[in-house]
Amino acid sequence: LAPNRTYHEKVISHYENPRNVGSLPKGDTDVGTGLVGAPACGDVMKLQIRVDPNGVISDVKFKTFGCGSAIASSSYMTERVKGLTLDEAGKIKNTEIAKELSLPPVKLHCSMLAEDAIRSAIRDYRSKRQNLSNTKKAGF
Ligand code: FES
Ligand code: FES
């Protein structure tokens, strides 16, 4: 076993070549935006999902102002959730990311940021849909 090697390959690959960096139009009714911060270090992560009519995540983008592990965690998360339902995506734990990227204990909160970010994006999407259907019911 060569855990350090795994750490380097996976973290560095996601860090040097992060997947799905960018933004989706925040105002789109099928887009959910999660914006979270890590109190421990002040790093910030924005993660956005686009959800198709079947409730499946069809597109994901992120921007992370933070350390390499936070960038790698968000990059990993975007790849992981594409094609999942909202319920499936909401169950992904930071411990899975930390394990997958072999993050050391001091970097656990960086992966927590990615878990918080996807949940926050899902919440935003759901409250948007809720508001839309309330508006419709009210006859506006
Ligand atoms: Fe935030 Fe590491 S303390 S970048
Ligand atoms: Fe704070 Fe990584 S997110 S050190």
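The following legends describe views of a predicted model of a single protein chain.

**Figure 1. Overall arrangement of the chain.** The secondary structure consists of 5 helices and 3 strands. Read from the N terminus, the elements follow the order α-β-β-β-α-α-α-α. The radius of gyration is 16 Å, close to the 14 Å that the globule rule gives for 140 residues, so the chain is as compact as a globular protein of that length. Along its principal axes, the C-alpha trace extends over about 60 × 30 × 25 Å. Of the 140 residues in the chain, 33% are buried. When contacts between residues at least 6 apart in sequence are considered, 64% of them link residues at least 24 apart.

**Figure 2. The three-stranded sheet.** The strands form an open sheet in the order β1-β2-β3, and their pairing is antiparallel. The edge positions are taken by β1 (31-37) and β3 (57-65); each has a single partner strand, so one side of each is left without a neighbour in the sheet. Neighbouring strands of this sheet are turned against each other by 15° on average, direction ignored. In general, the strands of a sheet pair through backbone hydrogen bonds, in either a parallel or an antiparallel manner.

**Figure 3. Pairing of β1 with β2.** Strand β2 comprises residues 44-51 and pairs with β1 in the antiparallel sense over 7 bridges. Within this pairing, Gly 32 has Ile 49 of β2 as its bridge partner.

**Figure 4. Helices lying across the sheet.** Helix α2 lies across β2 and β3, and runs at about 175° to β3. The residues of α2 are 68-81. Helix α5, formed by residues 108-137, lies across β1 and β2. The angle between α5 and β1 is about 140°.

**Figure 5. Surroundings of Leu 84.** Leu 84 is located in the loop that connects α2 (68-81) and α3 (86-90). Is this residue buried, exposed or partly exposed? Leu 84 has 18 C-beta neighbours inside 10 Å and therefore counts as partly exposed, since a buried residue would need 20 or more and an exposed one 12 or fewer. Leaving aside residues up to four places away in sequence, Leu 84 touches Ile 57 and Ala 89. Gly 55 is 29 residues from Leu 84 along the chain, and the C-alpha atoms of the two residues are separated by 8.5 Å.

Technical notes
Residues numbered from 1 in each chain as written. Chains lettered and ligands numbered in written order. Predicted model: local features only at pLDDT ≥ 70, side-chain atom pairs only at ≥ 80, totals over all residues. Helix = DSSP H or I, 4+ residues; strand = E, 2+ residues; numbered from the N terminus. Contact = placed C-beta atoms within 7 Å. Rg over C-alpha atoms; globule rule 2.2 N^0.38 Å. Pairing = 2+ DSSP bridges. Axes fitted to C-alpha atoms, helices over the stretch in contact; angles between N-to-C directions.
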